[in-house]
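This briefing is intended to be read alongside the sequence and the coordinates. Please keep both in view while working through the points below.

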Amino acid sequence: MRGVGDRDRHRGRRAVRAWSLAILVLVCVVAVDQLTKHAVEHSIVPGEERRFLPGVELVNTRNHGVAFGFLPGSHVGVTILISVALLVLLAYFALHATRRLIWLPTGMLVGGALGNILDRVRDGSVTDFIKLPLGWPPFNLADASITFGILILFVIIDRSRHSDP
């Protein structure tokens, strides 16, 4: 029979594993994001469009707002918005690190945010390069990671809410 101490140790190991996996995802997202942005910046002239897949073009544009051009030119607002969102996310993760798969969206969201923050610090704006049809604003892999991270986070929270007694 397991005692309270065994359960606490097991929970502690699960939390450490979750933090480790979240950091691994974060590092992978930042690395792939920065490598793809670097490749685009050095191979596509701003204003040029290259067909990548049917309906998908690669471009080299600069974004001064947050994901998909939201809040352009508001550097203070963008910084505050991103900082508050990351603090809330990390606080939630710290409280729920042992929840199944919560490490995945946490790593995706923080990695995506850091990928774009690196661009802002280095260049004053973010490199966007994926252009979809129907007037969708160009975006990058960090934006995609943030978007999918939010969706996965909502699914995990919803499932845990329905499975809790």
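The structure is a predicted model. Its strands form an open sheet of 3 strands in the order 1-2-3, with antiparallel pairing. The largest nonpolar core has 22 residues, and a second, separate core has 7 residues.

**The sheet**

- The edge positions are taken by strand 1 (49-53) and strand 3 (126-131), each of which pairs on one side only.
- On average, and with direction ignored, neighbouring strands of this sheet are turned by 35° against each other.
- Strand 1 is joined to strand 2 in the antiparallel sense over 4 bridges, and Leu53 stands opposite Val56 of strand 2.
- The hairpin of strand 1 and strand 2 has 2 residues between the strands, and Gly55 in this hairpin adopts a positive phi near 85°.
- Strand 2 (residues 56-63) also pairs with strand 3, again in the antiparallel sense, over 5 bridges.
- Leu58 has Ile130 of strand 3 as its bridge partner.
- Helix 3 (residues 103-123) lies across strand 2 and strand 3, and runs at about 130° to strand 3.

**Thr127 in strand 3**

- Thr127 belongs to strand 3.
- With a relative accessibility of 0%, below the 20% limit, Thr127 counts as buried.
- The side chains of Thr127 and Arg62 are joined by a polar contact of 2.2 Å.
- Apart from residues up to four places away in sequence, Thr127 touches Lys37, Glu41, Asn60, Thr61, Arg62, Asp119 and Asn140.

**The nonpolar cores**

- Within the largest nonpolar core, Phe93 and Trp103 touch the most other members.
- Helix 1, helix 2, helix 3 and helix 4 (141-163) each supply at least two residues of this core.
- Helix 1 gives the most to this core, contributing 8 residues.
- Trp103 is in contact with Ala18, Leu21, Ala22, Val25 and Phe93, when residues up to four places away in sequence are not counted.
- The second, separate core includes Val56, Phe129, Ile130 and Phe139 among its 7 residues.

**The aromatic pair**

- The model contains 1 aromatic pair.
- This pair is formed by Trp19 and Phe93 in an edge-to-face arrangement, with 4.6 Å from centre to centre and 70° between the planes.
- Trp19 lies in helix 1 (residues 4-41) and Phe93 in helix 2 (residues 75-96), so the pair ties together parts that are 74 residues apart in sequence.
- The two partners are described separately in terms of accessibility: Trp19 counts as partly exposed at 33% relative accessibility, whereas Phe93 counts as buried at 0%.

**Ile152 in helix 4**

- Ile152 is located in helix 4.
- Its relative accessibility is 28%, which lies between the limits of 20% and 50%, and therefore Ile152 counts as partly exposed.
- Beyond its neighbours within four places in sequence, Ile152 is in contact with Leu104, Pro105 and Met108.
- Ile152 and Ile102 are 50 residues apart along the chain, and their C-alpha atoms are separated by 8.6 Å.

Note on methods. Residues numbered from 1 in each chain as written. Predicted model: local features only at pLDDT ≥ 70, side-chain atom pairs only at ≥ 80, totals over all residues. Heavy atoms only, no water. Pairing = 2+ DSSP bridges. Axes fitted to C-alpha atoms, helices over the stretch in contact; angles between N-to-C directions. Contact = heavy atoms within 4.5 Å. Phe/Tyr/Trp six-rings, centres within 6.5 Å; stacked < 30°, edge-to-face > 60°. Buried < 20%, exposed > 50% of the residue type's maximum accessible area, 1.4 Å probe, protein only. Polar contact = N/O pair within 3.5 Å; in protein donor to acceptor, adjacent residues only side chain to side chain. Core = buried A, V, L, I, M, F, W, Y, C linked by side-chain atoms within 4.5 Å.
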